[in-house]
Amino acid sequence: MSSSLLPQSAVIPRSAHLRYWRLISPQRNQMMRPSSIVCSQATESSHKSMAVGSSSVSFPILVNGCTGKMGKAVAEAAVSAGLQLVPVSFSSQATAGRIVQVGSKEIQIHGPSERDYVFASIIDEFPDLIVVDYTVPDAVNENAKLYSKLGVPFVMGTTGGDRQLLHKTVYDANVYAVISPQMGKQVVAFLAAMEIMAEQFPGAFSGYSLEVMESHQANKLDTSGTAKAVIACFQKLGVSFDLDQVQQIRDPKLQVDMVGVPQEHLSGHAFHLYHLTSPDQTVSFEFQHNVCGRSIYAEGTIDAAIFLHKKVQSKADQKIYNMIDVLREGNMR
């Protein structure tokens, strides 16, 4: 897909590409002008301009972590999809008692000390409840343990925690869950395509050099998990690359001037650029996926919740799913 067909505000200008890569790789000046393959791009405004549409199902959904930007975005997407947003959420003790406004609904925030008995009463009132978790990494395993103990199906969008223990907890409790650190449907599809290429054509890029740039909001200190997954695929394809070679851009001025991040999305974006060069520097490839805002993840999360609700209602044999399963099911909004 040509980048000219995409929202201009989400596209890194070619001049910005070149200025940036000159900064980190002077020898790139001698290379031929590469052609870009833009694999996934989205902006908050472009997603909001598209009607989410009413789903064919409606069920109660509780978004745990509404005090955070991601949790609130999911709650808003749930309302837009016509789901029954439960007016309760859980967060830290410091935020207990707060009210979060989502459309016309007021979400009451409860702290950890109230969690067990409030949750139990909610399940009694909403027996078909689906829970979505966008809390913090330190809470992942304890929250999953609670959901499993109560037998409530859940979508775990929070990253971090002990993932092996998370899966074991869910498996042992025999509850339904979608567990995925990446909820952006199009990004997940791109990652799946990369994994297929790596499995079917190992060594196809042997000898090629790789440069990786990823830009996220300033408060994200670690390297992007998506970038790590893509790099792992390139390594299977024969590229030698260490994670400490990733160029992390967290300076807002560089993000605007050289990466091309729109000013209004400095607080929430994910721009990735992977540049491959042949040993003799006569061939180059670029893979790029840029996301502005959080709507791509929020809408993917709601698709996961709808998918999970249908699996519960159909009493499916499989209980634990990921976003690849959601994509394969199709029929997404």
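Student: How many bridges join β5 to strand β6 (residues 105-110)?
Tutor: This is a predicted model, in which local features need pLDDT of at least 70, side-chain atom pairs count only at pLDDT 80 or more, and totals for chains, interfaces and linings use all residues. Residues are numbered from 1 along each chain as its sequence is written, and side-chain values use heavy atoms, with hydrogens and water left out. Strands (E, at least two residues) and helices (H or I, at least four) are DSSP runs numbered from the N terminus, and two strands pair if DSSP finds at least two bridges between them. β5 and β6 run antiparallel, and the number of bridges joining them is 4.

Student: Which residues make up the covered face of strand β5 (residues 99-102)?
Tutor: In a regular strand the side chains alternate between the two faces of the sheet. In β5, the uncovered face has Ile-99 and Gln-101. The covered face has Val-100 and Val-102.

Student: How many of the 8 residues of strand β10 (residues 209-216) are buried?
Tutor: Buried means under 20% relative accessible area, exposed over 50% and partly exposed in between, with a 1.4 Å probe and protein chains only. β10 is largely enclosed by the rest of the structure, because the buried count among its 8 residues is 7.

Student: Which strand does β10 pair with in antiparallel fashion?
Tutor: Strands of a sheet pair through backbone hydrogen bonds, either parallel or antiparallel. The parallel partner of β10 is β11 (residues 247-249), joined by 3 bridges, with Ser-215 paired to Ile-249. The antiparallel partner is joined to β10 by 8 bridges, and Glu-211 stands opposite its residue His-275. That partner is β12 (residues 269-277).

Student: Which are the edge strands of the 6-strand sheet?
Tutor: The sheet is open and its pairing is parallel, in the order β3-β2-β7-β8-β9-β14. An edge strand of this sheet pairs on one side only. The edge strands are β3 (84-85) and β14 (320-321).

Student: What angle does α5 make with β8?
Tutor: Axes are lines fitted to C-alpha atoms, for helices over the stretch in contact, and angles run from 0 to 180 degrees between N-to-C directions. Contact means heavy atoms within 4.5 Å. α5 packs on the sheet, touching β2, β7 (130-133) and β8. The direction of α5 makes with that of β8 an angle of about 170 degrees.

Student: Where is Pro-153, and is this residue buried or exposed?
Tutor: Pro-153 is in the loop between α5 (140-150) and β8 (154-156). Leaving out residues up to four places away in sequence, Pro-153 touches Leu-129, Ile-130, Val-131, Tyr-176, Leu-308 and Val-312. With 10% relative accessibility, Pro-153 is classed as buried.

Student: Why does the pair of Phe-119 and Tyr-147 count as edge-to-face?
Tutor: Rings of Phe, Tyr and Trp (its six-membered ring) pair if their centres lie within 6.5 Å; planes under 30 degrees apart count as stacked, over 60 as edge-to-face and the rest as tilted. The structure holds 9 such aromatic pairs. In this one the centres are 5.8 Å apart, and the pair is edge-to-face because the planes are at 65 degrees.

Student: How far apart in sequence are the parts that Phe-119 and Tyr-147 tie together?
Tutor: Phe-119 is buried, at 0% relative accessible area, and Tyr-147 is buried at 0% as well. Phe-119 lies in helix α4 (residues 115-125) and Tyr-147 in helix α5, so the pair ties together parts whose separation in sequence is 28 residues.

Student: Which residues form one aromatic cluster with Phe-119 and Tyr-147?
Tutor: The cluster holds Phe-119 and Tyr-147 together with two further residues.
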